[in-house]
Amino acid sequence: MKRKFENIEVALPFFLFSALVIIPLLLALDRLIYVSGKMPWQVFSSLDEHYLSQDAIGFTFLQALLSTALTLAIGIPIAWQLGRYHWPRIRLMRALLTLPFVTPAIVAAMGFMAILGSDGFDLRGERSTYLVSLLFAHAWFNIALVIRFVDPVISNLDPRMEEQLRLLPAGNSRWGRLRCFWIPLMFPSILCAAVLTFVFSFTSFAMVRWMTPSNATLETVMADVGGAAGIENYQIYSNELVLASSTIQFLVLILALWLLSALQAKRSRTIAEVSESHSRKKGRTGWLVLIPALLFCLSPLMAVIRSSLRVAERGPVISHRWTLEGWQSAISGDYAYISIIDALQNSLGYAILTLVISLPLGWSLSSGIHLLEKRGSYWAKPLDILTMLPLAISGVMLGLGILLGIIRISTVFFTMWWMPAIPHIMLSTPFVVRLLLPAMRRQDPELIENAQVLAMNRWQILTKIRMPLLRGPLIVAGIIAIAMSMGEFGASWILVRTGAWDTLPVLVDQLMTRPGFDPLVKPTAMAAASLLMLTTLILFLVAERFRPDGDGGMF
Amino acid sequence: MNSKVVLVTLIAFLASISGCLTGAIDDKGMMIDERGVEVPTERVLTIVTYDIYGLTSERIMEFTNQTGIKVEMIKLGDAGAILNHLLQTKEAPQADLALGLDNTYLQQAIDRNVIQSHGANISNVMESAWLPYNGTMAVPFDQGSICLNYDTNSINSSQGRDVPTSLWNLSEEAWKGKVAIPSPVTSSPGRAFMIATTDYFANDDDETTNWTDWWSAMVDNDVIITSGWTEAYETHYSGGYGVWNDDHIGDANFVVSYCHSPGVEAYWADNYTISTSLTLDRASFHQVEYATVVNGTANAEYADLFIEYLLTEDVNLNMPIENSMYSVLIDSGLPADNGYLYHSELPSLNAQVSPEEIAENMDSWLAAWEAAMV
């Protein structure tokens, strides 16, 4: 009886989540197949037959693989330094180094442009630099993953293990310790970070669009033609291109996520851990790594703030003047339907709605997976992958799915202000699960068993044992959900947007794509971008305060 | 696993939905309150548009103050996105009025029954704005010609870089990799320019080549194709305001934009610009943007009122400044301030292609363009 009840408890959140994620996807797929008259495997060749999608498959893989390699090359030394040595203000440093990951890509791309442009390193004139700059931009975006996965493994390690190793023949030399101890220890975490970096580089959109304008990826192809998809007897090729791109993307990413799930389960079953304060040593030369790392992470963001404070002085000589006019026009809403203050309120409103739904949903999903894992159920892994599915669906497919789904169900939903929150919930829930599930796996099962012995009921176990113990990961998950929602742009952009509901990222995009004949337009856009960034930074700093020592979750 | 959390999840989800359903509007335009009772709603006009820059919040507020009709905006990327939206939501239209379909998309909207006749009282629109289309399905609200612009600093006769006298000049070595054009597949100005090339090469002296040959020659000459106007003009064009931007590349000396873009440049830069337009006969496209009433709307009357508002002198004469486009009102023109008018050249002969021809041939033109480019 109890088991049956538990089964329902597990099934219900998965049913809810599937309804949210899979139904729109299936509706979109069904529509694309119906309109194009072809099955997904029949349209792969169409990618090479069109100018805008030529070489997209090759370039998508190339840049994703190279980006992953560069991210690891930059990220591992940083994670090593952060994890192994004692640093003042380490929470602040972690927050700053993680900030790029939640920075909206369009803002980050603008920051990189400012650094690489004529006012910076002046590299944009040479096309051969485009791919390298994209790789660095992706590395910038993803090093947080390496830090968040690898740092806890090092910082929580019981120092006695290393001391014991030194007594053994293999531990005599630095190379020996690296080969026999550190590499096997860190390998699963590095692979986890690598897989996710690959996933995010594979689906990267704004960075590719701005950094390598002459190359297309599967994601940019879908964004280019996705708007015309799903309409009968109209631009049939766009349906074929979206179908082909999304199928390839989906297959590759589902494989990557399966790998990630397997690795993460392995990772949380590693060796005994201690509180990180036990294991830290004094660093000596580490600043040589950390100062450039902080500069690398912060300079694109500083560049955005700088651009918000400069207005072009048009004339024969290129010059700018320092002013707050960009901020003033952003606050008064001169160039947009709403002001940045209204947009911030909208963003925060959607973020809170996202939090209210995705946190309990993510908790229920994590609990369900954890329960199945404990039982050794065959279903644990597929359901674990299911929770990551939104990461494998492109923003365009997600948006298109919801759009087509809603048209079929009821158009009343179009007038509902909460509609744009759906993609936010879909995208933030996987992050909540990634944070809570490892923490649940780490929890000592004896605590719950003891509580049961003490005749505590389920509600008491939840509120008095499980939730207080997971308070740190829960708060971090909540803040990450808010940050993801605040930065989400791609999917909600595809959905119908009512001007009064504009969020900050949508406002930034509107201002960025507005013709900039008027010199105040760009600083206004940059002011909106800066506000978005600063809000996210504050959220992150708050999250860091609640993070438990050596938190081994995704962030 | 705990049932309470599941319960809380469900309650939160349902509460968020039910809270909003009380604000739902039924098919009679009535709002349903908490008790399920119909109550009259405020008068709301929903407009689907791309960012028409002239429609600032003050302008919208002014309309609301004059008529008591509240305006809601659905903002999309460009004219193509508006047509896509109208087609996708044809069975259940979301908007009452569409602003921004141009004469490259209008006929498709008419043929596919997504727009209906307007009832607005219009008498002050100039004749040239009615040239592409003069029926009752659409009302022009702004216009301009799309053509190549070039950076005058790039012209250097001693290096073989003269002002082109034919589009074929741009496929020569001197301009290799120096021309940026938005893709006709993804951009409205790009599409308009492609249409112009079909007419240009159909009427040139050379009968052995056609328009697709020119595009193929441009591919061989490393033409830069971008997904939208912004990227072509801001990022690639060396003669525009992009040079002041951080993301500027500046590798293109020619770009597809409006023939009056140099005038807009000058207006915002105290009469300074190095950009000018290349107004070769039939190599430009006269674009007219329309206000169209969405088929099946219950608020056609509000849409008509807005169209009339859009054509008042107060709003429409400001198009050159607020929307960087020509007004459509009789006897209107560009302002002379800061060299706006002086730097805005009018093509003597635009491409002559009717909306019907465009609608009929667009799919095959785009397919031919793709074939020429691959």
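How many of the six residues of strand β5 (residues 97-102) of chain B are buried? Six of the six are, so the strand is mostly covered, where buried means that 20 or more other C-beta atoms, placed from the backbone, lie within 10 Å of a residue's own. This is a predicted model, in which local features need pLDDT of at least 70 and side-chain atom pairs count only at pLDDT 80 or more, while totals for chains, interfaces and linings use all residues. Residues are numbered from 1 along each chain as its sequence is written, and chains are lettered from A in the order in which they are written.

Strands here are DSSP runs of E with at least two residues, helices are runs of H or I with at least four, and both are numbered from the N terminus; two strands pair if DSSP finds at least two bridges between them. β5(B) pairs with strand β3 (residues 44-50) of chain B in the parallel sense over three bridges, and with strand β12 (residues 285-294) of chain B in the antiparallel sense over five bridges. Leu97(B) is the bridge partner of Ile47(B) and also of Val293(B).

Leu97(B) is also among the residues with the most contacts inside the largest nonpolar core, which has 223 residues; such a core is a set of buried Ala, Val, Leu, Ile, Met, Phe, Trp, Tyr and Cys residues joined through C-beta atoms within 7 Å. Helix α6 (residues 130-155) of chain A supplies the largest share of this core, 16 residues.

Between the chains, 58 residues of chain B are in contact with 71 residues of chain A, contact meaning C-beta atoms, placed from the backbone, within 7 Å. To the side of chain B that touches chain A, α1(B) gives the most, with 10 residues.

How values were computed: Contact = placed C-beta atoms within 7 Å. Buried ≥ 20, exposed ≤ 12 C-beta atoms within 10 Å, placed from the backbone.
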